[in-house]
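The following paragraphs lead the reader through a single protein chain, from its overall form to selected local features. Please keep the sequence and the model in view while reading.

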Amino acid sequence: PDPSRESRMRLAINEILVELLGLLERQVVVLDDHLSTVMRTVEYFLAEELPAQVELDWDLATMAAHCGLGRTRFAHYVQEIANMSPIRYLTECRIERGRTLLLDRADMGITEIAYACGFGSGQYFATVFRDRTGESPQQFRHRVLNSESTVGVSAY
């Protein structure tokens, strides 16, 4: 390796980096307030993080802390965004995950699904599921899976 060649390369790289720094310093960066607000943090948490982690032991304090907020401020933002309390929103996410698992995982029993959705028992899951949907988890699974299996079946 030629030491003078290496030195010239280092010098050229440094010149490029100094020029790049100058360009970045002259550029005006306009921040999108929507992307840097606390509201956006809570929106992202509600839309992406919470639904993906419903099985965790969430409560108001842990959800608020996850977003870097106090409980009252967090609850205010959730009410504004989702028009429901944080715990109600969590329950809705858990029920939605339950619906998905009931249909996609026929090998899982109701109690297993309940735990996978963050419910403490199969009975509590079934009670909340019935309150929200008007049918038990078993009825829901049976109705939807049977209606899917009869789609396209001829009446001839």
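The accessible surface of the protein chain amounts to about 10,700 Å², and 55% of that belongs to carbon and sulfur atoms; such areas come from the Shrake-Rupley method with a 1.4 Å probe, and for residues only the protein chains shown count as cover. The model is predicted: local features need pLDDT of at least 70, side-chain atom pairs count only at pLDDT 80 or more, and totals for chains, interfaces and linings use all residues. Residues are numbered from 1 along each chain as its sequence is written, and side-chain values use heavy atoms, with hydrogens and water left out.

The chain contains eight helices and zero strands, where helices (H or I, at least four residues) and strands (E, at least two) are DSSP runs numbered from the N terminus. Of its 156 residues, 28% count as buried, that is, under 20% relative accessible area with a 1.4 Å probe, protein chains only.

Helix H4 covers residues 71-82. Its buried residues are Phe74, Tyr77, Val78 and Ala82. Viewed down the axis of H4, these fall within an arc of 105°, so they line one face of the helix; the arc is that of the directions from the helix axis to the C-beta atoms. Their cover includes helix H2 (38-52), helix H3 (60-66) and helix H5 (86-104). After H4 comes Asn83, with a positive phi near 60°.

Ser136 lies in the loop between helix H7 (122-133) and helix H8 (137-150). Ser136 counts as buried because its relative accessibility is 9%. Leaving aside residues up to four places away in sequence, Ser136 touches Phe129 and Arg130, contact meaning heavy atoms within 4.5 Å.

Terms used:
Buried means under 20% relative accessible area, exposed over 50%, partly exposed in between (1.4 Å probe, protein chains only). The expected span of a helix is 1.5 Å times one less than its number of residues.
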